[in-house]
Amino acid sequence: MPLFIHGRGVDRPSSAGELFDTYPHLQETARAFRSQPLVDVDPKCLLYVQQREFAATTPADNCVSVLGSDDATTCHLVVLRHTGSGAVCLAHCDGSSTWSEVPLIVKAVTSLSKLTKEGRLELHLVGGFNDESKTSHKLSLSLLAAFQKQKEDIHLQTCCITEMNDIIVDGDHRPVVYGMGVNVKTGDVFPASFTHKGPAEELRSARTFTGGQMADIYDSRRGLVKIGPCNWSPNLDIAFWLSQNDDTILKYLSTSPTAEPPHFVQHIKITIQFLLEHPSSDSLFPGGLPQLYHRTEQGDWERTTQL
């Protein structure tokens, strides 16, 4: 049983509630996590991870001090860290392919920890809430089961998911915490919000919107964000959504219409507009090569042709 809580092997739970009942201290750590003040992360030290993306790095990284992601309603944010090497990975999982995604997250950390003999893998799960369709519950269980199946010993430290991340506002269930950051240097995890979600925010959103699978977006050795190449075909039918009201977009394009952050509809419309302006993805990736971004001395991400 490679998933451990307080040094004890974990049987596969039938629900997140059962897990919290069996290990009440997980409730305490979840409450402690969600009660921390929300940190507005400085974009000059941040690598933002969008839905269906992951990024991994080490404390030696001079370009990135914080990995972060937000806008998670039914989605879950996953942080896996090796305490010996300090290598850490953050992923934004939406349940599209959990069983194939978890091994990628584990490999991203272990491959950066090969020379380290001491230490262990520690896991932090944040996200989801008591949504009506039980999408969060299903993803919580899938993630726990998938990590339990890995051959490596993994120690669950933070589990602020579903029931423990739920609050009722004006009669509607919502997540308490929508976003999380991890300090690459110290390994500290914290609730966070992000004003800057680049580089290439619209392109990356378009990749996910058109069905792109979980992608590794960062080369920590070279300090480069790498996007694509992506693959989508013209679909003029999506222009239909630009003329619809907010309630209609929420109803049909969200897994949790009553819990989305205020900018959700605008984000969807900007993504659709981007796809209409770039009906084929080929023009965005000359020669079939990914878009690369490096961090400038001013702390901004800038497109580069460096290969």
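## Ground rules

The model is predicted, so local features need pLDDT of at least 70 and side-chain atom pairs count only at pLDDT 80 or more, while totals for chains, interfaces and linings use all residues. Residues are numbered from 1 along each chain as its sequence is written, and side-chain values use heavy atoms, with hydrogens and water left out.

## Helix α3

Let's start with α3, which runs over residues 98-110. Helices here are DSSP runs of H or I with at least four residues, strands are E runs of at least two, and both are numbered from the N terminus. The 13 residues of α3 reach 19 Å from first C-alpha to last, close to the 18 Å expected; the expected span is 1.5 Å times one less than the number of residues.

Which residues of α3 are buried? They are Thr98, Glu101, Val102, Ile105, Val106, Ala108 and Val109, where buried means under 20% relative accessible area, exposed means over 50% and partly exposed is in between (1.4 Å probe, protein chains only). Looking down the axis of α3, these buried residues fall within an arc of 155 degrees, so they line one face of the helix; the arc is taken from the directions between the helix axis and the C-beta atoms. As background, an α-helix has 3.6 residues a turn, so residues three or four places apart point the same way. The cover over the buried residues of α3 includes strands β5 (53-57), β7 (76-82), β8 (88-93), β9 (121-127) and β10 (154-161), along with helix α4 (135-148); contact means heavy atoms within 4.5 Å.

## Helix α7

Further along sits α7, residues 264-277. Its 14 residues should span 20 Å at 1.5 Å a residue, and the end C-alpha atoms are 20 Å apart, which agrees. Buried here are Phe264, Val265, Ile268, Thr271, Ile272, Phe274 and Leu275.

## Salt bridges

How many salt bridges does a search of the whole structure find? It finds nine, each being a side-chain nitrogen of Lys or Arg within 4 Å of a carboxyl oxygen of Asp or Glu. One of them joins Arg52 and Asp94 at 2.8 Å, N to O. That pair links distant parts of the chain, with Arg52 in the loop between β4 (46-48) and β5, and Asp94 in the loop between β8 and α3, 42 residues apart. Both Arg52 and Asp94 are buried.

Another joins Lys197 to Asp70, with the closest N and O atoms 3.3 Å apart. Lys197 lies in the loop between β14 and α5 and Asp70 in the loop between β6 (66-69) and β7, so the pair ties together parts that are 127 residues apart in sequence. Both Lys197 and Asp70 are buried. Asp71 is partly exposed, at a relative accessible area of 25%, and has a positive phi of about 60 degrees although it is not a glycine.

Then there is Asp216 with Lys226, at 3.9 Å, N to O. Asp216 belongs to strand β15 (residues 215-216) and Lys226 to strand β17 (residues 224-227), so the pair ties together parts ten residues apart in sequence. Asp216 is partly exposed at 35% relative accessibility, and Lys226 is partly exposed at 28%.

## The loop between β14 and α5

This loop is worth a look. His196 is found between β14 (189-193) and α5, and is partly exposed, with a relative accessible area of 37%. Leaving aside neighbours within four places in sequence, His196 is in contact with Pro43, Leu46 and Tyr48. His196 and Leu46 are 150 residues apart in sequence but 8.8 Å apart in space, C-alpha to C-alpha.

Now for the backbone. Pro199 is also in the loop between β14 and α5, and the peptide bond from Gly198 to Pro199 is cis, with omega near 5 degrees. Ala200 lies in that loop as well, with a positive phi near 55 degrees in a residue other than glycine.

Elsewhere, the peptide bond from Gly228 to Pro229 is cis, again with omega near 5 degrees. Pro229 is placed in the loop between β17 and α6.

## A nonpolar surface patch

Ile167, Val169 and Val176 form a nonpolar patch on the surface, with about 190 Å² of accessible area together. Patches are made of residues with over 30% relative accessible area and no salt bridge, joining like charges within 9 Å and nonpolar side chains (Val, Leu, Ile, Met, Phe, Trp, Tyr) within 5 Å. The areas come from the Shrake-Rupley method with a 1.4 Å probe, and for residues only the protein chains shown count as cover. Ile167 lies in strand β11 (residues 166-169) and counts as partly exposed at 39% relative accessibility.
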